[in-house]
Amino acid sequence: MNIKKTITIGAATENPLTIKRLGYGTMRLTGEHVWGEPENRAEALEILKATSKNGIQFLDTADYYGEDVTNRLIGEALHPYKNDLVICTKVGADRGVDKSWRAYDKPENLRASIDNNLKTLKIEQMQLVHFRVMPETSTPFEDSLNTMFEMQKEGKILHVGLSNVNEEELNTALTMGNIASVENAFGYEQRTTFSVYGQEVRGMQEIMEICNENSIPMIPFFSLQSSLPNNENKIAEVAKKYNATSAQLNLAWLLHYNDLILPIPGTSKLSHFKENIKAFDIQLSEDDMAFLG
């Protein structure tokens, strides 16, 4: 099977972004519990520089990673940015002093977060912003999303996407405006709702059909973290066939599963980054995919 090598965000808009179909998620570059500076700051910067050297055109970040740690690292390592680089951020959450994850999704919160992202990333417009839904919030979903579309009209955001969204929310969003992408948890062993860091994380499988019908790109997070502990059977067997690691096979499975999927594996180790990007060149057969299920 040949995989599609590129993916287009906002394909039906006046400003489509076509990029390589493999990105990098920066969350792992922070300290423990996604808080504070990385354990090895020099290596974190080397990984970001390596994304550019290896043709990665999509970086996923958030100003609540750290806080602000990944944004500042991206700016230090890569600014001024290449013209074909897409930096995607998330808004809708922040962190408490106890390292908790909290809703930060009132209109004024979202505006403050976007302004902060623009400042720390040293740019004038965010190319793609995912509104991350926090299920315990008291802010109506429509109020938050309307604010996102308002900032899009103002030129602060080029494309609006959703993260941690369920079917009802996605269907509602599609009646309100163009949704460029969805970033939900998804991996070979994890395709349904689960919890992490005390927060409910909605799976991608429940909304896959909606996204397929509307040609909305999927950007899965936790694709490796949720899969690796459980993949010692079928994944390991196919990995051996291709002289690959289980992590590489998990990524190859994502790339073959659906042309709309844009994997963004994250790591704090340069050696793992170099390993992950090799998954882009693994060609699984139809029999492999049928066996993996």
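1. Helices, such as the one discussed in the points below, are DSSP runs of H or I with at least four residues, numbered from the N terminus. The structure itself is a predicted model, and that should be kept in mind throughout.

2. Taken as a whole, the protein contains 10 helices and 11 strands. Its radius of gyration is 18 Å, close to the 19 Å that the globule rule gives for 293 residues, so the protein is as compact as a globular protein of that length. Along the principal axes, the C-alpha trace spans about 55 × 45 × 40 Å.

3. Helix H3, which covers residues 107-121, has 15 residues and reaches 21 Å from its first C-alpha to its last, close to the 21 Å expected at 1.5 Å a residue. Just after H3, Lys-122 takes a positive phi of about 65°.

4. Several residues of H3 are buried, among them Leu-110, Ile-114, Leu-118 and Leu-121, together with Asn-109 and Asn-117. The cover over the buried residues of H3 includes helices H2 (69-78) and H4 (141-153), and also strands E5 (86-95), E6 (101-104), E7 (126-132) and E8 (157-163).

Methods. Residues numbered from 1 in each chain as written. Predicted model: local features only at pLDDT ≥ 70, side-chain atom pairs only at ≥ 80, totals over all residues. Heavy atoms only, no water. Helix = DSSP H or I, 4+ residues; strand = E, 2+ residues; numbered from the N terminus. Rg over C-alpha atoms; globule rule 2.2 N^0.38 Å. Expected span 1.5 Å × (residues − 1). Buried < 20%, exposed > 50% of the residue type's maximum accessible area, 1.4 Å probe, protein only. Contact = heavy atoms within 4.5 Å.
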